[in-house]
Number of protein chains: 2
Amino acid sequence: MTAIAKYIDHTLLSSGATAQDVNKLCEEAVKYGFYAVCVQPIQVKTAVESLNGSQVKVAAVTGFPHGATYTEIKVAETKKCLADGANEIDMVINVGALKEGNLALVKDDISQIVNVCKGKATVKVIIETGLLTDEQKITACKLAVEAGADFVKTSTGVLKESKSATTEDVRLMHETVKSFGLLVKASGGIGDLSTAQAMIEAGASRIGTSSGIKIVTEK
Amino acid sequence: MTAIAKYIDHTLLSSGATAQDVNKLCEEAVKYGFYAVCVQPIQVKTAVESLNGSQVKVAAVTGFPHGATYTEIKVAETKKCLADGANEIDMVINVGALKEGNLALVKDDISQIVNVCKGKATVKVIIETGLLTDEQKITACKLAVEAGADFVKTSTGVLKESKSATTEDVRLMHETVKSFGLLVKASGGIGDLSTAQAMIEAGASRIGTSSGIKIVTEK
């Protein structure tokens with residue numbers, strides 16, 4: 001096992017993922033020593049059962065990938081994921097509200113997820129850097145700090161309209177949150193070892209990728 | 001106003017859409033005589049208020065775009081959209097369950113949405129053709145028929161992993177559902193008049209697009 005494996009959330013968010021695919025993902029995560037698997041809500045139970053007895057955590061995405069649903073729905077979805085055994089919640093902010101400058105709404109949305117996860121799960125806040133200005137990225141990170149989240153995360157990685165995470169994004173986010181003890185998860189378009197290493201050098205403590213095996217087995 | 005306008009769901013599903021963007025979408029829908037606007041759950045209220053007194057309907061997406069959340073969450077989200085005044089619900093099926101052959105789950109997921117919408121809203125069932133075999137497309141359409149939906153819809157149009165709708169998809173879906181009275185909505189990658197016309201010739205009764213103005217103003 002390479003040291004970088006412990007940075008990786010081994011990720012499968014395809015609409016078409018089956019229980020068989022999730023079981024395979026979990027077997028790979030154990031084999032390669034990844035930190036966690038990252039799956040859709042409907043797959044949490046399968047992943048938790050598959051990983052039973054291992055060190056690998058289960059991260060579930062909520063409000064994913066648009067973040068454009070009601071806070072009440074994000075909270076209810078998060079509660080269901082926790083009930084199914086999720087150890088981490090990767091939630092998407094209300095990007096539109098951020099762009100409108102409705103910061104109270106963005107913060108409350110995050111806070112409510114943090115509240116239901118308290119003592120139960122790590123909360124990662126996906127800000128979707130590919131759609132934001134640098135100023136908006138900083139604002140989103142500050143709101144995640146104020147709301148008491150554990151991580152800020154760059155990207156969903158699945159939307160046509162957005163762009164991959166950059167090392168500049170990770171550096172900016174890390175600079176914004178580090179003094180408050182929050183960590184950065186880099187995700188979206190991280191397909192090889194050199195990109196993963198660059199993200200870690202820029203300040204990422206976690207890497208979300210569906211290319212984990214390629215990354216840890218590269219020569 | 002061109003005749004094709006009445007086929008169009010004028011669509012804005014970007015994560016970053018603001019209330020201002022939604023108001024503009026609604027003004028355009030009235031101006032050009034589109035059938036409906038199609039928006040994210042968090043934007044339904046804004047759209048309903050903006051369209052108050054017009055003929056234009058409001059369609060909301062739920063379980064969007066992966067369809068990989070709990071049925072209970074899709075139902076709760078749908079109820080909130082209905083409470084905010086949505087006239088149509090475009091829900092995404094559990095694609096993974098379809099691929100596993102867990103057809104009872106796929107059907108129940110649709111049925112529960114149909115039940116909460118009964119007498120209140122039209123239900124469109126997004127099957128995400130870009131991820132399915134022809135056999136799976138037919139199966140998904142039959143389940144939508146059995147569940148009592150009003151429309152089958154080709155695609156979410158937003159996911160990197162998927163592909164645009166094709167006229168072959170629309171034709172196949174239309175052939176599968178027409179004798180049961182269901183209609184077909186073509187969506188995903190419909191960017192010009194000739195593509196929209198081809199979809200209608202293939203059997204589409206509705207077109208989901210963010211290029212509606214371009215389509216109805218093309219010479």
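Modeller: Happy to! Helices (H or I, at least four residues) and strands (E, at least two) are DSSP runs, numbered from the N terminus. This is a predicted model, in which local features need pLDDT of at least 70, side-chain atom pairs count only at pLDDT 80 or more, and totals for chains, interfaces and linings use all residues. Residues are numbered from 1 along each chain as its sequence is written, chains are lettered from A in the order in which they are written, and side-chain values use heavy atoms, with hydrogens and water left out.

The serine is B:S162, found in the loop of chain B that runs between strand 6 (151-153) and helix 7 (167-177). B:S162 has a relative accessible area of 11%, so it counts as buried (under 20% relative accessible area, with a 1.4 Å probe and protein chains only). What does B:S162 touch, leaving aside its neighbours within four places in sequence? The residues in contact with B:S162 are B:E128, B:G130 and B:L131, where contact means heavy atoms within 4.5 Å. With B:E128 there is also a polar contact, side chain to side chain, at 3.2 Å; the term stands for a pair of N or O atoms within 3.5 Å, one able to donate a hydrogen and the other to accept it.

Now for chain A. Chain A has nine helices and eight strands. Its C-alpha trace spans about 45 × 35 × 30 Å along the principal axes of chain A. Of the 219 residues in chain A, 59% are buried.

Methods
Buried means under 20% relative accessible area, exposed over 50%, partly exposed in between (1.4 Å probe, protein chains only).
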